[in-house]
Protein chains: 2
Amino acid sequence: MMATRLNLEEIGKLAGVSRSTVSRVINGESNVSPEARARVEAVIAETGYRPHAAARSLASNRTGVVGLVIPSAVATLFDDPYFGRLILGVSNATQLAGTTLSLFLFREESEESAIGSRVIGPGLVDGLIVTATRMGDPLIDELVDVGMPFVIVGRPDDGRPVFSVDADNRGGARCAALHLASHGYRRVGMISPPSNTTAGVDRRAGFLEGAADADLDVSGLLHEGDWSEASAHAAMAQMLESSSVEAVFVGSDRMAVGALRAIREAGLRCPEDVAVISFDGLLPPSQTMPRLTSVAQPVTDVGERAAALLNAVIEGELTTPEQIVLPTELVIRESCGTTEGNSS
Amino acid sequence: MMATRLNLEEIGKLAGVSRSTVSRVINGESNVSPEARARVEAVIAETGYRPHAAARSLASNRTGVVGLVIPSAVATLFDDPYFGRLILGVSNATQLAGTTLSLFLFREESEESAIGSRVIGPGLVDGLIVTATRMGDPLIDELVDVGMPFVIVGRPDDGRPVFSVDADNRGGARCAALHLASHGYRRVGMISPPSNTTAGVDRRAGFLEGAADADLDVSGLLHEGDWSEASAHAAMAQMLESSSVEAVFVGSDRMAVGALRAIREAGLRCPEDVAVISFDGLLPPSQTMPRLTSVAQPVTDVGERAAALLNAVIEGELTTPEQIVLPTELVIRESCGTTEGNSS
DNA sequence: TACGCTCCTGAGAGCGCTCCCATGAGAGCG
DNA sequence: CGCTCTCATGGGAGCGCTCTCAGGAGCGTA
């Protein structure tokens, strides 16, 4: 059984054709006679031959691998269900495209610079999907410089034209504000994601836009978290202490959990005393009490679209940057209060 | 800036040596004169040269890539914090070793057979880490057949000698049973992970062992879930309905969430009416009410050890199979009741 | 002075593929 | 019947490395 690797030449010999013809069959080129093709395919099927990836890469200068880069402190990363879903989406798409997914997680920003020497330099990938970029991330410049195809999950912080896929953070947040307004709440706060992320900036902007449209009173109620439960817990506690809040829009599921806890610990009830809407919609609803109303973003879809887009860029099908924004959806559960009591 | 790729030959020319000497320097071989080495290193530093991975793979028959295989229905996979942590651990170790991590997620078992033709055939990886294997998984046979180095996260279901890294499921579960006993509970149930997984088998066996040692009454209280919250919710509800339970050991964090909800919905309190201990210890404690006492398993460590072990196997440093079992740790919080009232 | 030894070095071959070009067979046309 | 044009095919070259081997320099020893 210790079958030594077959190569194109040997397959050719078995099928009575040359290396070149076998290569043409494998790569689906059209200029091969039906008989030759059939014979080659038969031999491939019965030998289980697979072309050697490294040899192929070397000759064609294409690896068939895409990388998913997750910079930023990653240690606690997977406490947030976001990244798992994203990976899943990307994996689905690469599977479909027949490419391979490599994962590059970085614990500190300093490690991130290794992308150049460890990934780009050796030519490990054909392209990269880059997530969770902070504002002013130098990685993007580097990628542009070396001409490496890439897609950003999120959006470029400086509006420069690059390929990107994002959820409609702004629209979703606006919708959350309007929904809270429709319940009759007027004193409405927000605990936003960090302002050094585009998601943080956009969700906050969308919320403020909606609040302005609905004439909500947000004075003194705008806080910022760092994606962690603890940060939102602290922000919520502070908000409850200093002023009368009727409802809060919390910038992520995970932070909402912290906010709910703060409300509970203050002896208040959600939604009766303080209503909550979160962003993400990734948490299994039964995991919180009450079940969270959230602006759900299609994270898996984002991953799939990003990978598909990257593929198109690599294939050279797309050359002018494209920004894809996927819609969010308001999923109404209990934490925002019942609409009945307060329809406007 | 459009620097065309440098190669060994050119670096050699710049340093006044041959391709071979440059190669020796890069691969850290000892038989190079200090002067030559210094000159080469200087040139490499100033040019930023990196050897081409594909060329290297082709010539050396080594890819520098390890694959992480997660078979089984993966769609809901990331609802469980387990896999994120595992990926993190593996990533840490590969980063350290300077190798690349590729991820292979499969949605259905049918896709899993693609490992052979899509991964092993083309020679994409030097070795594989295989997780979540169900009992009787044919993938293992295939890997053994083709001589691909691999490490199982978990343990082989048939006790065959392969490399594996696992948490001490049995010991941890036993410990949980004993701890519940130490609180004075006698009617103690279990909701175990599926019995077609080794984790399910082992946790159940450990629990029964501990229960027997402590003379607990488990009759009619042994249920099985499928890792999902819903399955545990149903099992718990049924348990509460049909008999008087004082405490339950639930086979995973995620399932414990379901069980807690069932207890709450039955109008009972945890831990006053029914105490709960879970397995995993991955959930942020504040995410549940009450905070869960759990048998914590070192998932990230498991990932790291698995990757390190695989590396050793690939390097040929290890040839006789090794089973590594990492200890679990009982983390006591509120859901098991206070010890004071019931010390035995 | 000559011989052996070790140590460093360079050159050739080859990994398995793709790409390009030359060739030959056949079809279509005047 | 000869010409061109198309299409299928095979072979050479080369991608950038590693590996092996031969040779030269330098040293010590007889």
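How do the residues of the surface near DNA strand D divide into nonpolar, polar and charged? Keep that one in mind; Exercise 1 gets to it.

A few ground rules come before the exercises. This is a predicted model, in which local features need pLDDT of at least 70 and side-chain atom pairs count only at pLDDT 80 or more, while totals for chains, interfaces and linings use all residues. Residues are numbered from 1 along each chain as its sequence is written, and chains are lettered from A and ligands numbered from 1 in the order in which they are written.

**Exercise 1. Describe the surface near each DNA strand.**

Step 1. Start with DNA strand D, which 26 residues surround. Here a residue is near a strand if its C-beta atom, placed from the backbone, lies within 6 Å of it. The closest are Ser18(A), Asn31(A), Leu8(B), Ser23(B) and Ala59(B).

Step 2. Sort by element, taking helices (H or I, at least four residues) and strands (E, at least two) as DSSP runs numbered from the N terminus. α2 (19–26) and α4 (53–60) of chain A, plus α2 (19–26) and α4 of chain B, each give two or more residues to this surface. The largest share, five residues, is that of α4(B).

Step 3. Now the opening question: the surface near DNA strand D has eleven nonpolar, eleven polar and four charged residues. In this scheme Ala, Val, Leu, Ile, Met, Phe, Trp, Tyr, Cys and Pro count as nonpolar, Asp, Glu, Lys and Arg as charged, and the others, Gly among them, as polar.

Step 4. Do it again for DNA strand C. There are 24 residues around it, and Asn7(A), Leu8(A), Ser23(A), Ala55(A) and Ala59(A) come nearest. The elements giving two or more residues are α2 and α4 of chain A together with α2 and α4 of chain B. By class, you get ten nonpolar, eleven polar and three charged residues.

**Exercise 2. Work out how chains A and B meet.**

Step 1. Count contacts: 37 residues of chain B touch 37 residues of chain A, where contact puts the C-beta atoms, placed from the backbone, within 7 Å.

Step 2. Find the elements. On the side of chain B that touches chain A, α4 (53–60), α5 (81–97), β2 (100–105) and α12 (253–265) of chain B give two or more residues each. α5(B) has the largest share, with six residues. This side of chain B holds 19 nonpolar, twelve polar and six charged residues.

Step 3. Compare the two sides. The copies meet through the same surface, because 100% of the interface residues of chain B are also interface residues in chain A.

**Exercise 3. Trace the sheet that runs through both chains.**

Step 1. Look at where the chains join. β2 (residues 100–105) of chain A pairs with β2(B) in the antiparallel sense over three bridges; a pair takes at least two DSSP bridges. Leu101(A) stands opposite Leu103(B) in this pairing.

Step 2. Write down the order. The open sheet of twelve strands, with mixed pairing, runs β11(A)-β5(A)-β4(A)-β3(A)-β1(A)-β2(A)-β2(B)-β1(B)-β3(B)-β4(B)-β5(B)-β11(B).

Step 3. Find the edges. β11 (323–326) of chain A and β11 (323–326) of chain B each have a single partner strand, so one side of each is left without a neighbour in the sheet.

Step 4. Pick out a parallel pair. β4 (residues 150–153) and β5 (residues 164–167) of chain B pair in the parallel sense over two bridges, and Ile152(B) is opposite Ser164(B).

Conventions:
Two residues are in contact if their C-beta atoms, placed from the backbone, lie within 7 Å.
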